[in-house]
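This report describes helix packing and aromatic pairing in one protein model. The sequence and structure are shown first.

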Amino acid sequence: MEKAVLTDGWDGEWFLRAYDAAGKKVGSRECSEGQIYIEPQGFCTLAGIGKETGEMKKALDSTRARLLGKYGVELLAPCYTEYHLELGEISSYPPGFKENGSVFCHNNPWIVCGEAVLGRGNEAFDVYRRICPAYLEEKSEIHETEPYVYSQTVTGRASGEPGHARNSWLTGTASWTFVSISQAILGIQPDYDGLRIVPCLPDELQDLTVHRQFRGSEYHIHIRQTGMRSMTANGQTMEGDRVPLFPAGSRVQVEITL
């Protein structure tokens, strides 16, 4: 799959979105509109495709350069200005609205995860913060939705009036955001035989503690960003990035230095 993606799904600076029924590229620099889409940049990078060979970094750099606006990562650019029969609904909306280039909050966390896989904590947290309600109180009057809930879509820059949120509650954003902050940025990932802990923190989070209940035990995970890289669990040095399972009812103190 990775070979296929890098062979037929790579467009030089980002990942292609698709091929249409006639075999023409969608989401390519060869297209006059809709040259880059968010979905393949998110999913291919969170899967680690092209990490060692440079495609992953190029895709995320292109995402920031071409899709990132004040209110989050937009779905595509440039927006469609006329109807495309082979694409259908996505080209039927005005530029900057809904599928035609708005900020679709649901897929922004995929970019957060991709940035974390690449090890770019500042960039990951930057995207996270742009759609997180906790950081949007000052924009509530622009959003026009409840200030404590994720919206499905936020009008993009091409709309002429960016920042208007719509369809609050009607989205899978909250669950994906939880994955992105807990498993990508904080890096605490449930695994078959324990907790894998691979934090990717922004510079501003230098010292923090996370409480995680896992399979009947309490894990209190203290992470510091300064010092020699190390990890201990109840004083025992851990090799690698995994804390093994402790008996149910245990209280486990994990110390991590990045």
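## Conventions

A residue is called buried when its relative accessible area is under 20%, exposed when over 50%, and partly exposed in between (1.4 Å probe, protein chains only). The model is predicted, so local features need pLDDT of at least 70 and side-chain atom pairs count only at pLDDT 80 or more, while totals for chains, interfaces and linings use all residues. Residues are numbered from 1 along each chain as its sequence is written, and side-chain values use heavy atoms, with hydrogens and water left out.

## Aromatic pairs

Nine aromatic pairs are found in a search of the whole structure. Rings of Phe, Tyr and Trp (its six-membered ring) pair if their centres lie within 6.5 Å; planes under 30 degrees apart count as stacked, over 60 as edge-to-face and the rest as tilted. In the pair of tyrosine 148 and tryptophan 169, the ring centres are 6.4 Å apart and the planes lie at 65 degrees, so the arrangement is edge-to-face. This pair links distant parts of the chain, 21 residues apart: tyrosine 148 is in the loop between helix H6 (140-143) and strand E8 (151-154), and tryptophan 169 in the loop between strand E9 (165-168) and helix H7 (173-185). Helices (H or I, at least four residues) and strands (E, at least two) are DSSP runs, numbered from the N terminus. Both tyrosine 148 and tryptophan 169 are exposed.

Phenylalanine 214 and tyrosine 219 also form an edge-to-face pair, because their ring centres are 6.2 Å apart and their planes are at 65 degrees. Phenylalanine 214 is buried, with a relative accessible area of 7%, and tyrosine 219 is buried at 1%. Elsewhere, ring pairs join Phe43, Trp110 and Trp176 into a cluster.

Nine of the eleven residues of H4 are buried, among them Trp110, Cys113 and Glu115. The elements covering these buried residues include helix H2 (38-46), H3, strand E5 (72-73), strand E7 (103-104), helix H5 (121-131) and H7, where contact means heavy atoms within 4.5 Å. Glycine 119, which follows H4, has a positive phi near 90 degrees.

## Packing of H3 against H4

The axes of helix H3 (residues 55-66) and helix H4 (residues 108-118) come within 11 Å and cross at roughly 135 degrees. Axes are lines fitted to C-alpha atoms, for helices over the stretch in contact, and angles run from 0 to 180 degrees between N-to-C directions. H3 is therefore oblique to H4; angles under 35 degrees count as roughly parallel, over 145 as roughly antiparallel, 65 to 115 as roughly perpendicular and the rest as oblique. Met56, Lys57, Leu60, Thr63 and Arg64 of H3 make the contact with Ile111, Gly114, Glu115, Val117 and Leu118 of H4.
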